[in-house]
Amino acid sequence: PRAPAVDLAEAEEFLRLFHAENRVDAPVQQRLARMRYEVDTTGTYRHTPDELAYGAKVAWRNSARCIGRLYWRSLKVRDLRDVHTVSGVAAHCVEHLRMATNGGKIRPVISVFPPETPQRPAPRIWNEQLIRYAGYRNSDGSVLGDPRYTRFTEAVTGFGWRPPAARSGFDALPLVVETREEGAHMFALPPDAVHEVPITHPELPWFAELGLRWHGVPVISNMRLRIGGISYPAAPFNGWYMGTEIGARNFGDTDRYNLVPVVAERLGLDTSREDTLWRDRAVVELNRAVLHSYHQAGVTITDHHTESHRFLTHLAKEESAGRKCPVDWSWIVPPMSGSQTPVFHRYYDEEAPGPNYFGDDDATH
Ligand code: HEM
Ligand SMILES: N=C(Nc1cccc(CNC[C@@H]2CCCN2)c1)c1cccs1
């Protein structure tokens, strides 16, 4: 049986939005008729390059959990809908990393690979992000690397991936790409495509001895881009980091690198009681080190205060454009010093109409 045809209402709503927000020569009725004919005869329809680019930008504008939406119009959209092989997808992912990194002046880029269609399933990328670090579980239960990826590390090792001779806490995992025709294949990332930043502290020399580093560019590769009823499951996108993501979450979470106790001890803080606020003082230094290191390395990064102000500017621009801006307060408020940022002190609208990015856990019809 055919896969369910495209949701015609969603398709029409998107094409009307595209025509309303862009100067398009052809009348919308003509475009709608062509779309309906394609859906009737093939069960799907193809976006024009302009529709695809605009849909990807609007999906970012609609991302209620994203604090970085002020620059939604500047997204660089790579139309890679003619790339159907695992090696093609992998090669373009490496090219994406080079384009986005841009020597440290990071550019927001999205690479859109082929959509799901009744004729052919879409290629899939199994990595959460193009760059993630291996997690090696030791026999005593301790982990070298990122504990979030021990299962992924075991899976690719089973597939034949071999860690570097000298394993470290920051070994980039291979890319795993699957197509219906070829199955799943692994590709090692060329080291020169993985730009990394060594973490040092602006005043504490001992910080460098912790031997910490992180990759410059976050590229999300496990979210599904939906535009006008068409689903693009492989559409990796990047922006730049907000420091708290690394300093508070990746380095600070107890089920990640869990570095707050380590930093607190090296700071000589009294960790015997919670009410010395040793956690709070250590996480601040961890975050100051991250921001200092990225600035030192000339890699774009933003702090949660600056980004909060930018987001409220975006919100005001959306309201003056007569658009509702969906906001998920629990994700927009940064994971440290929440009430010190202006986004904390207000309520927001929640619903998000039209094109969007969906995680696997998100309820999507
Ligand atoms: C340009 C700089 C950008 C910054 C500083 C930024 C910042 C952030 C941050 C801090 C989060 C929360 C992440 C977390 O807590 O795990 C987030 C979420 C998100 N961002 Fe942005 N972002 C940027 C660009 C983008 C771009 C280019 C896109 C897509 C085209 C995007 C789409 C999203 C989505 C979909 C989420 C929610 C993820 C989820 O639900 O798991 N962002 N952003
Ligand atoms: N700065 C970024 N951070 C970001 C954005 C979306 C999703 C994520 C990953 N979120 C999942 C992690 C893992 C647990 C909690 N957060 C990070 C960007 C990544 C891609 C574009 S912007």
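Some ground rules. The model is predicted, so local features need pLDDT of at least 70 and side-chain atom pairs count only at pLDDT 80 or more, while totals for chains, interfaces and linings use all residues. Residues are numbered from 1 along each chain as its sequence is written, chains are lettered from A and ligands numbered from 1 in the order in which they are written, and side-chain values use heavy atoms, with hydrogens and water left out.

Start with ligand 1 and its iron. Which protein atom is the donor of the iron atom? Cys 66, through SG, at 2.4 Å, and that is the only protein donor. Donors here are N, O and S atoms within 2.8 Å of the metal (3.2 Å for Na, K and Ca); water is not among the atoms, so sites may look incomplete. Cys 66 sits in the loop between helix 3 (49-61) and strand 1 (76-79). Helices (H or I, at least four residues) and strands (E, at least two) are DSSP runs, numbered from the N terminus.

Now the surroundings. Ligand 1 has 17 residues around it, and the closest are Trp 60, Arg 65, Cys 66, Phe 237 and Trp 240. A residue counts as near if one of its heavy atoms lies within 4 Å. By class, that shell holds ten nonpolar, five polar and two charged residues. The classes: Ala, Val, Leu, Ile, Met, Phe, Trp, Tyr, Cys and Pro are nonpolar, Asp, Glu, Lys and Arg are charged, and the others, Gly among them, are polar.

Arg 65 puts a polar side-chain atom 3.0 Å from an oxygen atom of ligand 1. Trp 60 has a polar side-chain atom 3.4 Å from a nitrogen atom of ligand 1. A polar contact is a pair of N or O atoms within 3.5 Å; within protein, one must be able to donate a hydrogen and the other to accept it, and residues adjacent in sequence count only if both atoms are side-chain atoms.

On to ligand 2. Its neighbours include Gln 129, Arg 148, Phe 237, Trp 240 and Glu 245. Glu 245 places a side-chain N or O atom 2.5 Å from a nitrogen atom of ligand 2. Trp 240 uses the backbone: one of its N or O atoms there lies 2.9 Å from a nitrogen atom of ligand 2. The shell has five nonpolar, three polar and two charged residues.

One is open, with four strands in the order 1-2-13-10 and mixed pairing. Strands pair if DSSP finds at least two bridges between them. Strand 1 and strand 10 (219-220) are at the edges with a single partner strand each, so one side of each has no neighbour in the sheet. Inside it, strand 2 (residues 109-112) and strand 13 (residues 237-238) run antiparallel over two bridges. Phe 237 in strand 13 is the bridge partner of Ile 110.

A second open sheet has three strands, ordered 12-11-16, paired antiparallel. Its edges are strand 12 (230-232) and strand 16 (356-358). Three bridges link strand 11 (residues 224-227) to strand 16. There, Arg 226 stands opposite Asn 356.

Last, a hairpin. Three residues connect strand 6 to strand 7. These strands, residues 175-179 and 183-187, pair antiparallel over five bridges.
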